[in-house]
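Hi,

Here's the structure I promised to pass on.

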Amino acid sequence: MNIVLMGYMGSGKSLIGNGLAKKMKLKYLDLDDYIEIQEKKSISDIFKEKGEIYFRKKESFYLKEVLERHKNCIISLGGGTPCFAGNLDIVKNNTNTQSIYLQTSLEELTKRLFEERNKRPLIAHLETQDELKDFIRKHLFERSFYYNQADYKVVTDKKDSDQVIEE
Ligand code: S3P
């Protein structure tokens with residue numbers, strides 16, 4: 001059995017995934033980290049040097065590889081992973097995999113992501129909090145369709161990480 005965490009950038013997938021893995025005594029795997037190791041490049045450099053389409057192809061390839069090769073793992077996806085190239089079906093059709101959507105509000109995501117947007121190629125160019133908020137609003141509108149198909153949903157607003165892990 002694997003547990004897959006999905007949700008927007010900044011929803012806490014890595015923090016919660018790590019904590020959940022410790023609590024459940026399972027391994028933890030972060031798809032972005034896995035891609036960086038396999039490609040020997042940071043996600044930002046992959047976007048910069050090869051573009052988003054290349055990244056999405058690799059993301060899909062490595063998602064399949066991770067689900068095939070690893071069992072009894074908590075796996076954090078990238079924010080966009082379930083929204084591209086049939087990736088959601090790959091997760092859902094895998095009978096040994098349960099998925100959880102970490103749902104975080106627009107306000108909270110904007111607050112969390114503004115200071116650390118430089119690390120994330122899709123939002124690094126946005127200069128003000130208002131611009132970022134507009135971007136996230138539109139993106140969330142498109143992506144929620146996919147996130148909402150997860151098996152379970154946990155709202156993360158106004159909770160500390162222990163509470164989210166417990167839920
Ligand atoms: C992306 C989210 C990032 C990373 C890439 C694209 C997205 O992962 O996969 O920058 O499309 O939302 P995190 O959600 O872990 O930041």
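This is a predicted model: local features need pLDDT of at least 70, side-chain atom pairs count only at pLDDT 80 or more; totals for chains, interfaces and linings use all residues.

Residues are numbered from 1 along each chain as its sequence is written, and side-chain values use heavy atoms, with hydrogens and water left out.

Back to Thr81. You'll find Thr81 in the loop between strand 3 (73-76) and helix 5 (87-93); helices (H or I, at least four residues) and strands (E, at least two) are DSSP runs, numbered from the N terminus. Thr81 counts as buried because its relative accessibility is 0% (buried is under 20% relative accessible area, exposed over 50%, partly exposed in between, with a 1.4 Å probe and protein chains only). Its side chain makes a polar contact of 2.8 Å with the side chain of Glu59. A polar atom of the Thr81 side chain also lies 2.8 Å from the backbone nitrogen of Gly78. For polar contacts I used a pair of N or O atoms within 3.5 Å; within protein, one must be able to donate a hydrogen and the other to accept it, and residues adjacent in sequence count only if both atoms are side-chain atoms.

Now the overall layout. The protein has eight helices and five strands, and from the N terminus the elements run β-α-β-α-α-α-β-α-β-α-α-β-α. There is an open sheet of five strands in the order 2-3-1-4-5, with parallel pairing (two strands pair if DSSP finds at least two bridges between them). Strand 2 (27-30) and strand 5 (152-155) are at the edges with a single partner strand each, so one side of each has no neighbour in the sheet. Strand 1 (residues 2-6) and strand 4 (residues 97-103) run parallel and are joined by five bridges; Met6, for instance, has Tyr101 in strand 4 as its bridge partner.

Last, some whole-protein numbers. The C-alpha atoms fill a box of roughly 40 × 40 × 25 Å along the principal axes. Of the 167 residues, 46% are buried. Among contacts between residues at least 6 apart in sequence, 74% join residues at least 24 apart.

Cheers

Conventions
Contact means heavy atoms within 4.5 Å.
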